[in-house]
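Me: I would like a close look at one part of this model, and then a careful account of how other parts of the chain are put together. Please give the cut-off behind each term when you use it.

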Amino acid sequence: MRGCFYRGTAGILLGNGDGTFQAPIEFPVGFDPEGIVTADFNGDGKLDLVVLNAQDSTFSVLLGNGDGTFQPQMTFPSPSHHYGAFQMVAADLNGDGKIDLAMEVQAGISRFLGNGDGTFQLLTTLPAALLPVSIAGADLNGDGILDLVVADQCGSDPACKSAGLVSVFLGKGDGTFLPRVDYTVGYLPAAVAIGDMNNDGIADLVVSTICGQPCNLNIREGIDNFSILLGNGDGTFQPQIAPEFPLLKAGTSSVALGDFNGDGRLDIVPGDGSDGDILLQTTLGVAGQNLTFSSQSLGSPSSPQASTLTNIAKQGPLNSSNTQITGANPADFELTTTCPGVLAPAAQCQVNTVFKPTAAGVRTATVTITDGAVGSPHTITVSGTGVAARQCCCPRRR
(Lines give C-alpha, C1' and ligand atoms only; values in the text may rest on other atoms or scores of the structure.)
Protein backbone atom coordinates (compact mmCIF):
# COMPACT_ATOMS: atom_id res chain seq x y z
CA MET A 1 0.00 0.00 0.00
CA ARG A 2 1.50 3.33 -1.08
CA GLY A 3 2.23 5.70 1.76
CA CYS A 4 2.15 2.95 4.41
CA PHE A 5 5.60 1.58 3.58
CA TYR A 6 4.68 -2.07 4.02
CA ARG A 7 6.95 -4.74 2.60
CA GLY A 8 5.54 -6.16 -0.62
CA THR A 9 5.39 -9.60 -2.15
CA ALA A 10 5.63 -11.19 -5.58
CA GLY A 11 2.69 -13.52 -6.18
CA ILE A 12 2.93 -16.57 -8.45
CA LEU A 13 -0.29 -18.15 -9.77
CA LEU A 14 0.47 -21.53 -11.34
CA GLY A 15 -1.79 -22.43 -14.26
CA ASN A 16 -4.04 -25.47 -14.31
CA GLY A 17 -3.91 -25.75 -18.10
CA ASP A 18 -7.58 -24.95 -18.58
CA GLY A 19 -7.46 -21.18 -18.24
CA THR A 20 -7.76 -21.24 -14.46
CA PHE A 21 -5.04 -20.77 -11.87
CA GLN A 22 -4.08 -22.02 -8.45
CA ALA A 23 -4.06 -19.79 -5.39
CA PRO A 24 -1.10 -17.36 -5.38
CA ILE A 25 2.18 -18.30 -3.73
CA GLU A 26 3.75 -15.16 -2.30
CA PHE A 27 7.44 -14.37 -1.91
CA PRO A 28 8.67 -11.34 0.09
CA VAL A 29 10.36 -8.50 -1.80
CA GLY A 30 11.07 -4.84 -0.99
CA PHE A 31 8.82 -1.93 -0.11
CA ASP A 32 6.16 -0.84 -2.62
CA PRO A 33 6.95 -3.18 -5.54
CA GLU A 34 5.89 -1.57 -8.83
CA GLY A 35 7.44 -3.58 -11.65
CA ILE A 36 8.54 -7.10 -12.50
CA VAL A 37 10.54 -8.80 -15.24
CA THR A 38 11.44 -12.45 -15.88
CA ALA A 39 14.58 -13.95 -17.44
CA ASP A 40 17.24 -16.57 -16.71
CA PHE A 41 19.71 -14.38 -14.85
CA ASN A 42 22.03 -17.15 -13.62
CA GLY A 43 22.16 -19.37 -16.71
CA ASP A 44 20.63 -22.51 -15.16
CA GLY A 45 17.76 -22.72 -17.64
CA LYS A 46 15.15 -21.70 -15.06
CA LEU A 47 13.19 -18.45 -15.04
CA ASP A 48 14.09 -15.95 -12.35
CA LEU A 49 12.35 -12.77 -11.20
CA VAL A 50 13.48 -9.19 -10.72
CA VAL A 51 11.08 -6.90 -8.84
CA LEU A 52 11.45 -3.11 -8.77
CA ASN A 53 10.83 -1.66 -5.30
CA ALA A 54 9.89 2.02 -5.62
CA GLN A 55 9.79 3.04 -1.98
CA ASP A 56 13.27 1.92 -0.88
CA SER A 57 15.03 2.40 -4.26
CA THR A 58 16.08 -1.22 -4.60
CA PHE A 59 15.36 -4.19 -6.79
CA SER A 60 14.92 -7.78 -5.63
CA VAL A 61 16.30 -10.81 -7.46
CA LEU A 62 14.51 -14.13 -6.82
CA LEU A 63 16.24 -17.11 -8.43
CA GLY A 64 13.84 -19.76 -9.66
CA ASN A 65 13.83 -23.40 -8.57
CA GLY A 66 12.11 -24.52 -11.77
CA ASP A 67 8.93 -25.67 -10.02
CA GLY A 68 7.20 -22.31 -9.63
CA THR A 69 8.92 -21.51 -6.35
CA PHE A 70 11.81 -19.13 -5.77
CA GLN A 71 14.75 -18.72 -3.44
CA PRO A 72 14.74 -15.85 -0.91
CA GLN A 73 15.38 -12.47 -2.46
CA MET A 74 18.74 -10.86 -3.01
CA THR A 75 18.38 -7.08 -2.78
CA PHE A 76 20.45 -4.56 -4.73
CA PRO A 77 20.42 -0.77 -4.35
CA SER A 78 19.68 1.46 -7.32
CA PRO A 79 19.36 5.22 -7.86
CA SER A 80 16.14 6.78 -6.59
CA HIS A 81 12.95 5.70 -8.31
CA HIS A 82 9.77 7.68 -8.68
CA TYR A 83 6.24 6.37 -8.38
CA GLY A 84 4.92 5.12 -11.68
CA ALA A 85 8.26 3.62 -12.73
CA PHE A 86 7.07 0.10 -13.46
CA GLN A 87 9.03 -1.13 -16.47
CA MET A 88 12.42 -2.74 -16.89
CA VAL A 89 14.32 -4.25 -19.81
CA ALA A 90 16.12 -7.56 -19.31
CA ALA A 91 18.58 -8.26 -22.16
CA ASP A 92 22.26 -8.70 -22.95
CA LEU A 93 23.38 -5.09 -23.24
CA ASN A 94 27.12 -5.67 -23.69
CA GLY A 95 27.32 -8.87 -25.73
CA ASP A 96 28.87 -11.10 -23.05
CA GLY A 97 26.03 -13.64 -23.08
CA LYS A 98 24.76 -12.63 -19.64
CA ILE A 99 21.40 -10.97 -19.01
CA ASP A 100 21.60 -7.34 -17.90
CA LEU A 101 18.99 -4.87 -16.65
CA ALA A 102 17.94 -1.38 -17.68
CA MET A 103 15.37 0.62 -15.75
CA GLU A 104 14.18 4.22 -15.60
CA VAL A 105 15.00 6.16 -12.43
CA GLN A 106 14.68 9.82 -11.46
CA ALA A 107 18.05 10.71 -12.98
CA GLY A 108 17.57 8.82 -16.26
CA ILE A 109 18.31 5.19 -17.18
CA SER A 110 20.27 2.92 -14.87
CA ARG A 111 22.04 -0.07 -16.40
CA PHE A 112 23.05 -3.06 -14.32
CA LEU A 113 25.44 -5.54 -15.94
CA GLY A 114 24.73 -9.13 -14.98
CA ASN A 115 27.53 -11.27 -13.55
CA GLY A 116 25.86 -14.46 -14.80
CA ASP A 117 25.03 -15.72 -11.30
CA GLY A 118 22.01 -13.55 -10.54
CA THR A 119 24.02 -10.63 -9.16
CA PHE A 120 24.58 -7.26 -10.83
CA GLN A 121 26.96 -4.32 -11.01
CA LEU A 122 25.77 -0.75 -11.64
CA LEU A 123 26.98 1.27 -14.61
CA THR A 124 26.81 5.05 -14.88
CA THR A 125 23.25 6.29 -15.30
CA LEU A 126 22.35 7.60 -18.75
CA PRO A 127 20.86 11.10 -18.53
CA ALA A 128 17.27 11.26 -19.73
CA ALA A 129 14.88 14.21 -19.77
CA LEU A 130 13.06 15.52 -16.70
CA LEU A 131 10.73 12.68 -15.67
CA PRO A 132 11.30 9.29 -17.39
CA VAL A 133 8.32 7.03 -16.77
CA SER A 134 8.57 4.06 -19.12
CA ILE A 135 11.28 2.08 -20.91
CA ALA A 136 11.34 -0.48 -23.74
CA GLY A 137 14.10 -2.17 -25.71
CA ALA A 138 14.52 -3.52 -29.24
CA ASP A 139 16.92 -3.39 -32.19
CA LEU A 140 15.77 -0.18 -33.88
CA ASN A 141 18.39 0.17 -36.61
CA GLY A 142 19.01 -3.43 -37.71
CA ASP A 143 22.57 -3.76 -36.40
CA GLY A 144 21.76 -6.65 -34.08
CA ILE A 145 22.36 -4.53 -30.96
CA LEU A 146 19.71 -3.68 -28.40
CA ASP A 147 18.55 -0.06 -28.31
CA LEU A 148 16.48 1.66 -25.61
CA VAL A 149 13.44 3.93 -25.78
CA VAL A 150 12.23 6.02 -22.85
CA ALA A 151 9.01 8.03 -22.50
CA ASP A 152 9.43 11.26 -20.54
CA GLN A 153 6.36 12.79 -18.97
CA CYS A 154 7.45 16.41 -18.74
CA GLY A 155 9.65 16.92 -21.78
CA SER A 156 11.75 20.00 -21.11
CA ASP A 157 9.17 21.73 -18.88
CA PRO A 158 9.51 21.20 -15.09
CA ALA A 159 5.82 22.11 -14.69
CA CYS A 160 4.82 19.34 -17.14
CA LYS A 161 2.60 21.75 -19.10
CA SER A 162 4.27 21.28 -22.47
CA ALA A 163 4.29 18.30 -24.83
CA GLY A 164 6.14 15.22 -23.66
CA LEU A 165 9.08 13.45 -25.25
CA VAL A 166 10.15 9.98 -26.24
CA SER A 167 13.93 9.52 -26.23
CA VAL A 168 15.87 6.99 -28.31
CA PHE A 169 19.25 5.64 -27.15
CA LEU A 170 21.04 3.61 -29.84
CA GLY A 171 23.24 0.89 -28.35
CA LYS A 172 26.94 0.43 -29.16
CA GLY A 173 26.96 -3.24 -28.14
CA ASP A 174 29.29 -2.80 -25.17
CA GLY A 175 26.71 -1.61 -22.65
CA THR A 176 27.07 2.03 -23.65
CA PHE A 177 24.79 4.11 -25.84
CA LEU A 178 24.89 7.06 -28.19
CA PRO A 179 23.49 10.36 -26.89
CA ARG A 180 19.72 10.34 -26.80
CA VAL A 181 17.59 11.73 -29.63
CA ASP A 182 14.25 13.23 -28.53
CA TYR A 183 10.92 13.20 -30.38
CA THR A 184 7.82 15.19 -29.43
CA VAL A 185 4.71 13.25 -28.44
CA GLY A 186 1.44 14.15 -26.68
CA TYR A 187 0.99 15.70 -23.26
CA LEU A 188 1.88 13.61 -20.19
CA PRO A 189 3.15 10.41 -21.85
CA ALA A 190 2.82 7.40 -19.56
CA ALA A 191 4.11 4.31 -21.39
CA VAL A 192 5.95 3.25 -24.53
CA ALA A 193 5.81 0.05 -26.59
CA ILE A 194 7.72 -1.09 -29.68
CA GLY A 195 6.20 -2.94 -32.64
CA ASP A 196 5.85 -2.92 -36.43
CA MET A 197 2.65 -0.94 -36.80
CA ASN A 198 2.59 -0.63 -40.61
CA ASN A 199 3.99 -4.04 -41.61
CA ASP A 200 7.10 -2.71 -43.35
CA GLY A 201 9.51 -4.81 -41.27
CA ILE A 202 10.75 -1.78 -39.30
CA ALA A 203 10.19 -1.13 -35.59
CA ASP A 204 7.80 1.71 -34.73
CA LEU A 205 6.97 3.39 -31.41
CA VAL A 206 3.59 3.66 -29.67
CA VAL A 207 3.39 6.07 -26.73
CA SER A 208 0.28 6.36 -24.56
CA THR A 209 -0.45 9.92 -23.44
CA ILE A 210 -2.90 11.13 -20.83
CA CYS A 211 -3.76 14.07 -23.10
CA GLY A 212 -2.95 14.21 -26.78
CA GLN A 213 -3.28 17.99 -26.63
CA PRO A 214 -3.08 20.58 -23.82
CA CYS A 215 -5.39 19.65 -20.95
CA ASN A 216 -6.35 20.73 -17.46
CA LEU A 217 -3.72 18.96 -15.38
CA ASN A 218 -5.78 19.23 -12.20
CA ILE A 219 -8.73 17.19 -13.41
CA ARG A 220 -7.04 15.62 -16.43
CA GLU A 221 -9.59 16.60 -19.00
CA GLY A 222 -8.90 16.29 -22.69
CA ILE A 223 -8.76 13.74 -25.46
CA ASP A 224 -6.64 10.71 -24.64
CA ASN A 225 -4.38 9.90 -27.54
CA PHE A 226 -1.62 7.60 -28.59
CA SER A 227 1.40 9.00 -30.37
CA ILE A 228 2.57 6.64 -33.13
CA LEU A 229 6.05 7.28 -34.54
CA LEU A 230 6.86 5.26 -37.65
CA GLY A 231 10.45 4.07 -37.88
CA ASN A 232 12.81 4.77 -40.79
CA GLY A 233 14.88 1.63 -40.17
CA ASP A 234 18.04 3.50 -39.15
CA GLY A 235 17.02 4.25 -35.57
CA THR A 236 15.30 7.53 -36.46
CA PHE A 237 11.57 8.14 -36.50
CA GLN A 238 9.02 10.22 -38.37
CA PRO A 239 6.93 12.90 -36.60
CA GLN A 240 4.10 11.48 -34.55
CA ILE A 241 0.72 10.43 -35.88
CA ALA A 242 -1.84 11.11 -33.14
CA PRO A 243 -5.14 9.28 -33.71
CA GLU A 244 -7.95 10.47 -31.44
CA PHE A 245 -9.94 8.16 -29.17
CA PRO A 246 -12.41 10.49 -27.40
CA LEU A 247 -14.25 7.65 -25.64
CA LEU A 248 -11.22 6.47 -23.69
CA LYS A 249 -11.20 7.27 -19.99
CA ALA A 250 -8.65 9.75 -18.66
CA GLY A 251 -5.31 8.35 -17.61
CA THR A 252 -3.86 5.94 -20.18
CA SER A 253 -1.17 4.58 -17.88
CA SER A 254 0.05 1.63 -19.97
CA VAL A 255 0.00 0.20 -23.48
CA ALA A 256 0.25 -3.30 -24.94
CA LEU A 257 0.40 -4.43 -28.57
CA GLY A 258 -0.91 -7.60 -30.23
CA ASP A 259 -2.90 -8.88 -33.21
CA PHE A 260 -6.29 -9.51 -31.63
CA ASN A 261 -8.41 -10.02 -34.74
CA GLY A 262 -6.04 -12.09 -36.89
CA ASP A 263 -5.68 -9.54 -39.70
CA GLY A 264 -1.89 -9.42 -39.48
CA ARG A 265 -1.80 -5.92 -37.98
CA LEU A 266 -0.84 -4.98 -34.44
CA ASP A 267 -3.67 -3.61 -32.31
CA ILE A 268 -3.46 -1.53 -29.13
CA VAL A 269 -4.68 -2.35 -25.63
CA PRO A 270 -4.82 0.86 -23.53
CA GLY A 271 -4.46 0.84 -19.76
CA ASP A 272 -7.10 3.56 -19.31
CA GLY A 273 -9.36 2.03 -16.69
CA SER A 274 -11.88 0.95 -19.32
CA ASP A 275 -13.39 -2.49 -19.39
CA GLY A 276 -11.55 -4.55 -21.97
CA ASP A 277 -10.96 -1.87 -24.61
CA ILE A 278 -9.03 -3.05 -27.66
CA LEU A 279 -8.21 -0.52 -30.39
CA LEU A 280 -8.13 -2.41 -33.70
CA GLN A 281 -5.60 -0.91 -36.07
CA THR A 282 -6.65 0.78 -39.27
CA THR A 283 -4.41 1.95 -42.08
CA LEU A 284 -6.33 5.24 -42.23
CA GLY A 285 -5.33 7.96 -39.78
CA VAL A 286 -7.87 10.76 -39.26
CA ALA A 287 -6.61 13.98 -37.65
CA GLY A 288 -9.45 16.32 -36.72
CA GLN A 289 -12.27 13.93 -35.81
CA ASN A 290 -14.15 16.46 -33.70
CA LEU A 291 -14.76 19.88 -35.28
CA THR A 292 -16.49 22.69 -33.38
CA PHE A 293 -17.37 25.94 -35.14
CA SER A 294 -17.84 29.37 -33.56
CA SER A 295 -21.29 30.92 -33.51
CA GLN A 296 -22.34 31.74 -37.05
CA SER A 297 -25.06 33.99 -38.47
CA LEU A 298 -27.87 32.16 -40.25
CA GLY A 299 -27.15 31.63 -43.93
CA SER A 300 -23.58 32.92 -43.60
CA PRO A 301 -20.77 30.43 -44.38
CA SER A 302 -17.90 30.01 -41.91
CA SER A 303 -14.26 29.57 -42.77
CA PRO A 304 -13.55 25.91 -43.58
CA GLN A 305 -12.07 23.54 -41.03
CA ALA A 306 -9.94 20.68 -42.31
CA SER A 307 -9.66 17.04 -41.31
CA THR A 308 -6.52 15.32 -42.64
CA LEU A 309 -6.67 11.71 -43.80
CA THR A 310 -3.40 9.76 -43.95
CA ASN A 311 -2.72 6.32 -45.39
CA ILE A 312 -0.29 5.25 -42.66
CA ALA A 313 0.71 2.08 -44.51
CA LYS A 314 4.01 2.19 -46.38
CA GLN A 315 2.84 -0.60 -48.65
CA GLY A 316 -0.49 -0.79 -50.41
CA PRO A 317 -2.94 1.91 -51.61
CA LEU A 318 -6.16 2.66 -49.77
CA ASN A 319 -9.47 2.78 -51.62
CA SER A 320 -12.10 5.37 -50.67
CA SER A 321 -15.58 4.99 -52.11
CA ASN A 322 -17.38 8.09 -50.85
CA THR A 323 -17.64 10.84 -48.24
CA GLN A 324 -21.05 12.05 -47.12
CA ILE A 325 -22.65 14.00 -44.31
CA THR A 326 -25.50 12.64 -42.21
CA GLY A 327 -26.89 13.08 -38.71
CA ALA A 328 -29.25 15.60 -37.14
CA ASN A 329 -28.57 18.70 -39.30
CA PRO A 330 -26.67 17.70 -42.46
CA ALA A 331 -28.02 20.67 -44.45
CA ASP A 332 -26.13 23.05 -42.15
CA PHE A 333 -22.69 21.81 -43.25
CA GLU A 334 -21.00 21.74 -46.64
CA LEU A 335 -18.13 19.43 -47.65
CA THR A 336 -15.29 19.68 -50.12
CA THR A 337 -12.46 17.18 -50.39
CA THR A 338 -9.07 16.80 -52.02
CA CYS A 339 -9.16 13.03 -51.55
CA PRO A 340 -8.84 10.88 -54.67
CA GLY A 341 -10.55 7.52 -55.06
CA VAL A 342 -7.25 5.80 -54.21
CA LEU A 343 -4.89 7.15 -51.54
CA ALA A 344 -1.28 6.09 -52.15
CA PRO A 345 0.92 4.75 -49.30
CA ALA A 346 1.97 7.53 -46.88
CA ALA A 347 -0.17 10.04 -48.85
CA GLN A 348 -2.51 12.59 -47.27
CA CYS A 349 -5.65 14.41 -48.34
CA GLN A 350 -8.15 16.74 -46.70
CA VAL A 351 -11.87 16.83 -46.05
CA ASN A 352 -12.95 20.45 -45.55
CA THR A 353 -16.15 21.32 -43.70
CA VAL A 354 -17.98 24.68 -43.79
CA PHE A 355 -20.72 25.60 -41.31
CA LYS A 356 -23.68 27.47 -42.84
CA PRO A 357 -26.55 27.28 -40.34
CA THR A 358 -30.14 27.20 -41.53
CA ALA A 359 -31.66 27.65 -38.07
CA ALA A 360 -30.70 29.09 -34.69
CA GLY A 361 -29.30 26.95 -31.89
CA VAL A 362 -26.85 24.08 -31.72
CA ARG A 363 -26.48 22.21 -35.03
CA THR A 364 -24.70 18.87 -35.38
CA ALA A 365 -23.87 16.35 -38.07
CA THR A 366 -21.53 13.47 -38.86
CA VAL A 367 -19.13 13.20 -41.79
CA THR A 368 -18.90 9.55 -42.84
CA ILE A 369 -15.92 8.31 -44.86
CA THR A 370 -16.29 4.89 -46.44
CA ASP A 371 -12.93 3.34 -47.27
CA GLY A 372 -10.99 0.09 -47.50
CA ALA A 373 -9.25 0.42 -44.13
CA VAL A 374 -9.99 -1.56 -40.99
CA GLY A 375 -12.67 0.26 -39.00
CA SER A 376 -14.49 1.68 -42.02
CA PRO A 377 -16.61 3.74 -42.11
CA HIS A 378 -14.59 6.43 -40.35
CA THR A 379 -16.44 9.41 -38.92
CA ILE A 380 -15.90 13.08 -38.11
CA THR A 381 -18.32 14.83 -35.75
CA VAL A 382 -19.11 18.48 -36.55
CA SER A 383 -21.07 21.01 -34.53
CA GLY A 384 -21.78 24.73 -34.37
CA THR A 385 -24.31 27.25 -33.13
CA GLY A 386 -26.51 29.26 -35.48
CA VAL A 387 -27.50 32.78 -34.44
CA ALA A 388 -30.08 35.05 -36.01
CA ALA A 389 -28.67 38.14 -37.74
CA ARG A 390 -29.32 41.42 -35.92
CA GLN A 391 -31.75 43.89 -37.41
CA CYS A 392 -29.89 47.05 -38.39
CA CYS A 393 -32.72 49.52 -38.01
CA CYS A 394 -35.74 50.19 -35.84
CA PRO A 395 -39.09 50.83 -37.53
CA ARG A 396 -39.83 54.53 -38.09
CA ARG A 397 -42.51 56.02 -35.88
CA ARG A 398 -45.38 57.80 -37.58
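In which loop is L280 found?

Reply: L280 is found in the loop between β20 (267–270) and β21 (284–287), where strands are DSSP runs of E of at least two residues, numbered from the N terminus. The model is a predicted one, in which local features need pLDDT of at least 70 and side-chain atom pairs count only at pLDDT 80 or more, while totals for chains, interfaces and linings use all residues. Residues are numbered from 1 along each chain as its sequence is written, and side-chain values use heavy atoms, with hydrogens and water left out.

With a relative accessible area of 45%, L280 is partly exposed; buried means under 20%, exposed over 50%, and partly exposed in between, with a 1.4 Å probe and protein chains only. Together with F260 and I278, L280 forms a nonpolar patch on the surface, and the three share about 280 Å² of accessible area. The areas come from the Shrake-Rupley method with a 1.4 Å probe, and for residues only the protein chains shown count as cover.

Turning to the aromatic residues, the structure holds 10 aromatic pairs, each made of rings of Phe, Tyr or Trp (its six-membered ring) with centres within 6.5 Å, where planes under 30 degrees apart count as stacked, over 60 as edge-to-face and the rest as tilted. For F76 and F120 the ring centres are 6.1 Å apart and the planes stand at 85°, so this pair is edge-to-face. The pair links distant parts of the chain, since F76 lies in strand β6 (residues 74–77) and F120 in strand β10 (residues 120–122), 44 residues apart. F76 is buried at a relative accessible area of 15%, and F120 is likewise buried, at 10%. These two residues also belong to one aromatic cluster with F41, F59 and F112.

Another pair, F293 with F355, is tilted, with 5.8 Å from centre to centre and 40° between the planes. F293 lies in the loop between β22 (290–292) and β23 (296–297) and F355 in strand β28 (residues 348–355), so the pair ties together parts that are 62 residues apart in sequence. F293 is buried at a relative accessible area of 7%, and F355 is buried at 0%.

Strand β6, which holds F76, is also part of an open sheet of 4 strands in the order β3-β4-β5-β6, with antiparallel pairing; two strands pair if DSSP finds at least two bridges between them. The edge strands of this sheet are β3 (33–39) and β6, each pairing on one side only, and neighbouring strands are turned by 20° against each other on average, direction ignored. Strand β5 (residues 58–62) and β6 pair over 4 bridges in the antiparallel sense, and the bridge partner of V61 in β6 is M74.

The loop between β3 and β4 (48–53) holds D40, which at 24% relative accessibility counts as partly exposed. D40 and G118 are 78 residues apart in sequence, with 8.4 Å in space from C-alpha to C-alpha. In the loop between β2 (25–31) and β3 is D32, whose phi is near 60°, a positive value in a residue other than glycine; at 13% relative accessibility, D32 counts as buried.

A second open sheet has 4 strands in the order β12-β13-β14-β15, again with antiparallel pairing, and its edge strands are β12 (132–138) and β15 (181–184), each of which pairs on one side only. Strand β14 (residues 165–169) is joined to β15 by 4 bridges, and V166 stands opposite Y183 in β15.

Further along, 7 bridges join strand β16 (residues 187–195) to β17, the two running antiparallel, and the bridge partner of I194 in β17 is L205. Strand β17 (residues 204–211) is mostly covered, with 8 of its 8 residues buried. L188, in strand β16, has a phi near 55°, a positive value in a residue other than glycine, and L188 is buried at a relative accessible area of 7%.

Terms used: Patch = residues over 30% accessible without salt bridge, like charges linked within 9 Å, V, L, I, M, F, W, Y side chains within 5 Å. Salt bridge = Lys/Arg side-chain N within 4 Å of Asp/Glu carboxyl O. Axes fitted to C-alpha atoms, helices over the stretch in contact; angles between N-to-C directions.
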